[in-house]
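Trainee: I have a protein open on my screen and would like to walk through a few parts of it with you. Could we start once it is up for both of us?

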Amino acid sequence: MALATNKIDINRTTTGLTLSPEQSAEIWAGVAEESAIMRLARPITLPGSGISIPVITGEPVADFVTESAEKPVSKATFATKTMTPYKIAVIELMSMEFERDFDALAAELVRRLPYSIAHKFDQVVANGTAPGTGFDVLSNATAVSLVPSGSATVYDQLVTAVTTVGAGGYNLDGWVMAPQAKANLLSAVDGFGRPLLIESINDDRDIARLIGASVAYAKSVYKAGSGSTPNTVGVAGDWSRARYGIVNGINVRRSEEATINTGTEQVNLWQRNMVAYMVEAEVGFVVESASAFVRLTTPAS
């Protein structure tokens with residue numbers, strides 16, 4: 001592999017980065033806040049070897065009985081879901097001069113670095129391919145269009161999403177939407193042409209409400225379609241049936257002596273007076289059933 005001869009984009013904060021447990025916990029909280037899906041799903045403690053989660057697949061059934069008659073016997077049924085952690089990581093390079101002379105900017109770059117984990121997590125869960133077994137994605141969930149069709153309005157389509165999730169015995173309690181979905185929601189009007197969802201769309205709260213369910217916006221859940229393949233503009237469902245975990249929080253490390261591979265080239269940090277910040281996390285995600293969720297779509301342009 002050849003040594004890099006090109007200049008690194010970030011040139012010209014601090015001489016090092018040491019994360020206390022409190023800071024690590026703060027970064028983890030920041031990532032969970034940045035991820036729309038993590039805000040709605042339930043966190044669990046995830047060991048590095050993964051974990052098996054028991055799932056109730058059938059409830060005991062009671063019945064009326066007459067006096068002195070035998071009581072019916074019923075029992076719950078169970079299954080297990082295995083959550084396996086997979087690593088997400090990224091490295092940012094900058095010169096020591098940049099780190100020194102533009103300390104506030106460099107610090108902000110480092111602060112935002114863990115957010116890339118949140119964005120990638122949302123992207124993969126909403127419309128990507130699973131990194132391996134024991135990690136669920138929602139790209140194969142039933143699609144529901146947000147575009148009016150025939151006599152069905154946008155509001156009717158939202159109700160269809162609720163109905164589709166409800167058909168499996170689940171309760172749609174949260175929407176994760178890309179900003180591209182807002183234009184469709186704005187077209188939902190009543191019989192007098194007045195917007196129905198304007199308050200939900202423009203709600204300044206961290207998590208707003210949309211027809212009674214929480215809604216969080218995340219640009220990373222958008223996936224452009226082409227031809228007959230529609231755009232994915234969000235996912236919705238029963239988030240009480242979704243679990244995510246992060247192994248030992250978020251890890252941020254700084255190096256000024258490593259040799260970094262960038263494609264087909266290598267960058268020797270010590271030789272170039274450069275530093276590298278690496279952020280990584282092992283994350284997992286599982287849902288009880290894909291039928292507890294739907295994908296929200298619009299036609300590809």
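Predicted model: local features only at pLDDT ≥ 70, side-chain atom pairs only at ≥ 80, totals over all residues.

Trainee: Okay, strand E15 first: how many of its residues are buried?

Mentor: Strand E15 covers residues 293-298, and six of its six residues are buried, so that the strand is mostly covered.

Trainee: And which residues point which way from E15?

Mentor: Phe293, Arg295 and Thr297 point one way, while Val294, Leu296 and Thr298 point the other way, and all of them are buried. As a rule, side chains in a regular strand alternate between the two faces of the sheet.

Trainee: In which sense does E6 pair with E15, parallel or antiparallel?

Mentor: Strand E6, which is residues 142-145, pairs with E15 in the parallel sense, and four bridges hold the pairing. Within that pairing, Ala143 has Arg295 of E15 as its bridge partner.

Trainee: What about E10, how many bridges join it to E15?

Mentor: Strand E10, residues 231-237, is joined to E15 by six bridges, and these two strands run antiparallel. Here Asn231 has Thr298 of E15 as its bridge partner.

Trainee: Switching to helix H6, what length does it reach?

Mentor: Helix H6 spans residues 154-167, which makes 14 residues, and the distance from its first C-alpha to its last is 20 Å, close to the 20 Å expected at 1.5 Å a residue.

Trainee: Which of the H6 residues are buried?

Mentor: The buried residues of H6 are Val154, Gln157, Leu158, Ala161 and Val165. They lie on the same side of H6, because they cover an arc of only 105 degrees around the axis. On the other side of the helix, Thr163 and Ala167 are exposed.

Trainee: What comes just after H6?

Mentor: Just after H6 you will find Gly169, which takes a positive phi of about 85 degrees.

Trainee: New topic: what volume does the second largest pocket have?

Mentor: The second largest pocket has a volume of about 240 Å³. It is lined by 14 residues, and the closest to its centre are Pro54, Val55, Ile56, Arg241 and Glu288.

Trainee: Which element gives the largest share of that lining?

Mentor: Strand E3 gives the largest share, six residues. The elements that give two or more residues to this lining are E3 (51-58) and strand E14 (274-287).

Trainee: And what classes do the lining residues fall into?

Mentor: The lining of the second largest pocket has six nonpolar, three polar and five charged residues.

Technical notes
Residues numbered from 1 in each chain as written. Heavy atoms only, no water. Buried < 20%, exposed > 50% of the residue type's maximum accessible area, 1.4 Å probe, protein only. Pairing = 2+ DSSP bridges. Expected span 1.5 Å × (residues − 1). Arc of directions from axis to C-beta. 1 Å grid on protein atoms, 1.4 Å probe; cavity = no way out; pocket = protein on both sides within 12 Å on 5 of 7 lines; lining within 4 Å. Points joined across faces, edges and corners; volume = space filled by probe spheres on them. Nonpolar A, V, L, I, M, F, W, Y, C, P; charged D, E, K, R; others polar.
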